[in-house]
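Let's take a walk through the inside of a protein. Have the sequence and the 3D view open side by side as you read.

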Amino acid sequence: MAAFAGPVTHLLYLHGFRSSPQSFKARRMHAWLQAHRPEVHWWCPQLPPSPRQAMELALDGVRGWPADGTAVVGSSLGGFYATAVAEALGCRAVLLNPAVEPARDLRAYIGEQTAFHDPDERFFFKREYVAELQALHLSVLTRPDRYFVIIAKGDEVLDWREMHARHAGSRMRLLDGGDHALSDFDAHLPSILQFLELDT
């Protein structure tokens with residue numbers, strides 16, 4: 001693990017496709033911080049369907065945050081975005097079953113979608129969003145040591161082998177089972193907090 005300047009003081013959480021700030025993992029992290037490290041600045045925005053707009057929102061929101069004290073956590077598509085944010089800011093990132101090739105995988109979802117946490121809420125995933133994802137794709141991580149990646153071999157949505165290959169050189173927890181949602185997230189929270197230097 002790289003030698004960072006100290007514990008995280010600002011934490012950005014980016015949810016996945018069709019998800020929201022009501023994500024179980026986001027709520028669990030936020031609850032722990034409120035109980036144990038209330039001084040940490042937490043932000044989990046609702047991301048727009050447009051990848052370009054999602055990235056603009058995230059980067060605008062963290063403008064002025066200290067690079068050494070900033071970290072981003074991202075799940076699934078949010079993990080793809082978190083990688084782009086971490087590379088732009090030079091900060092730490094925790095990736096939870098991160099999407100590797102969303103431009104390829106989300107072609108099948110062009111059209112009207114329902115929000116996971118509120119089926120009455122609908123949005124459109126437009127064809128041009130695929131090109132926006134392609135524009136955000138990074139072929140190499142400049143410093144893999146800045147990343148902690150949790151990958152479940154039992155992920156029913158994404159190929160764990162792609163995730164594993166994409167993040168070679170990063171600190172990694174490879175789970176023999178598990179699922180895409182990381183339903184056993186509480187078991188992994190201590191390792192995440194250790195990486196972020198928030199467990200002391």
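First, some ground rules. This is a predicted model, so to speak: local features need pLDDT of at least 70, side-chain atom pairs count only at pLDDT 80 or more, and totals for chains, interfaces and linings use all residues. Residues are numbered from 1 along each chain as its sequence is written, and side-chain values use heavy atoms, with hydrogens and water left out.

## The cores

In soluble globular proteins, nonpolar side chains tend to be buried together. A nonpolar core here is a set of buried Ala, Val, Leu, Ile, Met, Phe, Trp, Tyr and Cys residues joined through side-chain atoms within 4.5 Å. Buried means under 20% relative accessible area, exposed means over 50%, and partly exposed is in between, using a 1.4 Å probe and protein chains only.

The largest nonpolar core has 36 residues, and the members that touch the most others are Leu12, Leu14, Val72, Tyr81 and Leu133. Elements that give two or more residues to this core are β1 (10-14), α2 (51-61), α3 (77-89), β4 (92-96), β6 (122-125), α5 (128-136), β7 (147-152) and α6 (160-166). Those labels come from DSSP runs numbered from the N terminus: helices are H or I with at least four residues, strands are E with at least two. Helix α3 provides the largest share of this core, seven residues.

Zoom in on tyrosine 81. Leaving out residues up to four places away in sequence, tyrosine 81 touches Leu14, Leu47, Pro51, Ala54, Met55, Leu133 and Leu136 (contact means heavy atoms within 4.5 Å). There is also a second, separate core of 25 residues, with Val40, Cys44, Phe185 and Leu193 among them.

## One side of a helix

Which residues of α2 are buried? They are Pro51, Ala54, Met55 and Ala58. These residues sit on the same side of α2 because they cover an arc of only 95° around the axis, where the arc is that of the directions from the helix axis to the C-beta atoms. Among the elements covering them are β1, β2 (41-43), α3 and α5.

For cysteine 44, the nearest cysteine sulfur is that of cysteine 91, 15 Å away. Both residues are in the table further down.

## Empty space

Rolling a probe the size of a water molecule over the atoms shows where empty space is left. On a 1 Å grid over the protein atoms alone, a cavity is a set of points where a 1.4 Å probe fits but cannot get out, and a pocket is an open set with protein on both sides within 12 Å along at least five of seven lines; lining residues have an atom within 4 Å of a point. Grid points are joined across faces, edges and corners, and a volume is the space filled by probe spheres set on the points.

The largest pocket holds about 680 Å³ of space. It is lined by 27 residues, and those closest to its centre are Gly16, Phe17, Ser76, Val157 and His180. Helices α1 (24-36) and α4 (102-105) each supply at least two residues of that lining.

How many cavities of 30 Å³ or more are there? The count is one, and about 80 Å³ of space lies in the largest cavity. Its lining includes Gly79, Phe80, Thr83, Pro98 and Arg166, and α3 gives the most to that lining, with four residues.

## A few buried residues

| Residue | Relative accessible area |
|---|---|
| Cysteine 44 | 14% |
| Cysteine 91 | 1% |
| Leucine 96 | 0% |
| Asparagine 97 | 0% |
| Leucine 182 | 1% |
| Threonine 83 | 6% |

Leucine 96 is in strand β4. Leucine 96 and isoleucine 150 are 54 residues apart in sequence, yet their C-alpha atoms are 5.0 Å apart in space. Beyond four places in sequence, leucine 96 touches residues including Tyr13, Ile150, Leu182 and Phe185.

Asparagine 97 is in the loop between β4 and α4, and has a positive phi of about 40° although it is not a glycine. Leucine 182 is also not a glycine and has a positive phi, of about 50°; leucine 182 lies in the loop between β8 (171-175) and α7 (185-195).

Threonine 83, in helix α3, is in contact with Leu95, Leu138, Leu141, Tyr147 and His167, leaving aside neighbours within four places in sequence.

Note on methods: Disulfide = S-S within 2.5 Å.
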